[in-house]
Structures are given as structure tokens and as C-alpha cells.
Amino acid sequence: PRRPRLVPSPEGMAALVDIVQRLHYMPRAEAVAELRKQPPPFPCQFMELVWELLPVREAISWSTHVLCGGPEPCAPPGRPERSHGVCGRVWRTGDTVYHCRTCGMDPSCAICLDCFNSSDHTGHDYWMFCSGGGCCDCGDAQAWLPSGFCVKHPGPGEPPADEELLGALTPFALSALGGVLLGWARCLLGREAPAQRSEAVRWMTAMAGVSDVWRRLAGLFLTMASDVAALSAPPARGSGAPEARERGEGPVEGAPAEAGALGA
């Protein structure tokens, strides 16, 4: 069963907002080091609020430092860089993609237009549709039959199980991952301007380009029907938490002056 969302109390939300503002002005590596000291579920709640309150570009910077340990997308520690045998392209809303009942392992599996045009689906039961979000499964044998791979993506070899993918993350990155993906998905499905949604898509495409961990987790998260309601609703706010500023205007104003300890 799906785990319930961990919603902080009004006092906890106010403290989180203050911490976002305070750490936002610190050097990013130093701020992430402070955040790493906190036990779950704090990193998850913090990253969810980062995506809600800060401009998209700042949320991307935070997410990259938290998940990759630096300013550039990279594979999780201990995992090899992604093979180019898997496409992993992240789609924007309205992109043309293809389902194929013959090749797809389940109804959520699909490939992008370029991969479809470079593969052989003669006699297959396929159809074209406009995407609402997700990523291309071409080259991923857990989602698509190898006989339906395109000529550019023959597959990376034996794919790791989901448990192995999650095991590649540090405890801190695993705790923060839910908040990052939830905030990123809300950005794609929410009220942000098209340019900001495109920036979020480009970031996840870059992440997917270096590691199958990020590609598969992002794809699973976007296609889980049980999370649609959670994605469409903003984080619960306590009465003491200020409203988020408009995207692109900088960090939140009006947060409490004193936050106390990070774990408060």
C-alpha cells in the first residue's frame, strides 16, 4: 500500500519555511552538509518545500546537490554512469509518444517518436497519443520487449532490480528523493509558466542521461496512478506558514525570525 504523506504540524511547517530561507543564502555545499545531519523525514519535507517556495532554477540546484553531491548531474555514488543503450528521454505535456501492446510490459510503457520511427513494429498493436508526462522506455527490457528496441538503444544488458536501484542511494539521498520527485512532478503539472516547466524537464532529462536510477525512478513516480491526487495538491500549509512567492522572484519573505535547531 502507498505510504501516507508526512505532513508537518503548523509549527513544524513554519520552522521548515524559515530553514529554507536561511539555508538558501548559505554556500550550497555548506547548506547541504547541514541538511545531511537531519534524520528522516526532514530531508523529504525540506525538499518538497524547496520546490514549492523557491524559483525553479534554485529548486533544481538544490535537488542536484542533494542527490548527486555537487552542481552537475551524475550517477549515485557506487553506480556506473548510464549506458546509452537506454533512451530515457523525459517528455513534456503534449509530446507525441507511442504505446505498443505487443512490446510494452504494461499499459504505462511507451516510447518516443524518434525511437518508434527507428524500430520495427510491423504487425504490432500500437497507437500514437499525446503524452501527459513520463519517459521513453526504449532499451529498458523491464518495460519493453528487446525485439521492439530501436537501432540506437539496444539495451544496457541485465537491468538491476528496483531494490538494487534504491540500494544505490545513500540514506540521505533516499530520504530526500521523495520530496524532490514530488516537487518536480508538481512543477510539471502545476501552475508554473511553460518556460519553467521546460527547465524542469531539461533537468530531469540530464539526470536520466547519466543514470538509469534517476530515469527509472522518475518514470515510475510520474506513472503511478495512486499518486495523481497527491501530485495535483500543494503541500499542506499550517496557519503560521507564509504563502509561496511567485516563481522567479527569489526566496520567501516573512518567515519567522528564529528557527531554532535544524531538526525543530
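**Close-up views of a strand sheet and a helix pair**

**View 1. C112 is the bridge partner of V97 in strand β3.** The model is predicted; local features need pLDDT of at least 70, side-chain atom pairs count only at pLDDT 80 or more, and totals for chains, interfaces and linings use all residues. Residues are numbered from 1 along each chain as its sequence is written, and side-chain values use heavy atoms, without hydrogens and water. Strand β3 covers residues 111–112 and runs antiparallel to β2, joined by 2 bridges. Strands are DSSP runs of E with at least two residues, helices runs of H or I with at least four, numbered from the N terminus.

**View 2. Strand β4 (residues 126–130) pairs with β2 in the antiparallel sense over 5 bridges.** Pairing requires at least two DSSP bridges. In β4, F129 is the bridge partner of V97, and Y126 is that of C100.

**View 3. The 3 strands form an open sheet in the order β3-β2-β4, with antiparallel pairing.** β3 and β4 are the edge strands, each pairing on one side only.

**View 4. Helices α3 (residues 42–53) and α7 (residues 171–189) have axes that come within 7 Å and cross at roughly 25 degrees.** The two helices are therefore roughly parallel (an angle under 35 degrees). Contact (heavy atoms within 4.5 Å) involves P43, C44, M47, E48 and W51 of α3. On α7, the contact residues include F172, A176, V180, L182, W184 and R186.

How values were computed:
Axes are lines fitted to C-alpha atoms, for helices over the stretch in contact, and angles run from 0 to 180 degrees between N-to-C directions. Angles under 35 degrees count as roughly parallel, over 145 as roughly antiparallel, 65 to 115 as roughly perpendicular and the rest as oblique.
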